[in-house]
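Colleague: I'm new to this one, could you walk me through its charged contacts?

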Amino acid sequence: MSIGHRPSDETLTAFAAGQLDEGLALVVACHIEADQESRRRLRELEAVQGALLDAVEPIPMASGPNPPATAARAEPGSAAAVPMSETGMPKVLRPYGLGPWRPIGIRIAMRRVEVPGAGARVFMLRAGPGIALPHHKHTGVEWTTILAGAYEHEYGRYAAGDFDEADTEHDHTPRVDPVEGCTCIVAMTGSVQLQGWLGRLLQPLVRF
């Protein structure tokens with residue numbers, strides 16, 4: 001597997017520090033599971049953060065019944081859910097419940113990934129070979145890890161294992177690989193805004 005797109009340093013640092021919403025962290029974790037280089041970078045970041053913590057003088061905790069809350073790292077898989085038993089999926093998805101595949105267009109299907117308490121919506125998309133998705137942008141972030149197949153858009157080609165990190169500055173028109181199709185997992189905040197006259201007609205039907 002040749003991976004050409006990885007999380008930004010800022011995203012990986014936030015993941016290592018446990019500062020990401022669990023839905024966003026889950027999609028990053030799916031990429032990390034597939035990519036040796038990102039695992040190496042993550043170990044380096046964790047080592048640096050550990051060294052910084054060791055250098056900090058401990059602060060006594062306040063006494064009383066309600067001590068200050070400490071920020072815990074949101075490990076993907078920490079939420080209780082119905083375990084998934086499907087083969088060929090990232091191991092990090094196993095503790096999470098998956099909804100059924102539901103058609104949302106011609107040769108396009110979506111299934112929900114249940115991440116209780118997450119701010120981001122998490123779902124899987126499966127599109128048939130050669131499908132062109134509408135030109136769109138976002139009011140929040142859209143983070144995607146490709147699980148199988150590939151797609152391409154204005155910012156490059158994304159194949160199995162790649163991480164596609166889009167935000168409000170990006171607008172794109174994904175086209176699915178004409179032979180392999182594509183299956184991916186997405187975490188999204190905000191909403192999708194379809195562009196062009198056709199997008200305006202279809203916008204009321206979009207419910208990601």
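This is a predicted model: local features need pLDDT of at least 70, side-chain atom pairs count only at pLDDT 80 or more; totals for chains, interfaces and linings use all residues.

Colleague: How many salt bridges does the structure hold?

Modeller: There are five salt bridges, a salt bridge being a side-chain nitrogen of Lys or Arg within 4 Å of a carboxyl oxygen of Asp or Glu.

Colleague: What does R40 form with E37?

Modeller: R40 and E37 form a salt bridge whose closest N and O atoms are 2.4 Å apart, and the two are three residues apart in helix α3 (residues 36-55), about one helical turn. Helices here are DSSP runs of H or I with at least four residues, strands are runs of E with at least two, and both are numbered from the N terminus.

Colleague: And which residue does E44 pair with?

Modeller: E44 forms a salt bridge with R40, again with closest N and O atoms 2.4 Å apart, and both lie in helix α3, four residues apart.

Colleague: Switching topic, is D177 buried or exposed?

Modeller: D177 counts as buried at 9% relative accessibility, where buried means under 20% relative accessible area, exposed over 50% and partly exposed in between, with a 1.4 Å probe and protein chains only. Its salt-bridge partner R157 is partly exposed at 40%.

Terms used
Residues are numbered from 1 along each chain as its sequence is written. Side-chain values use heavy atoms; hydrogens and water are left out.
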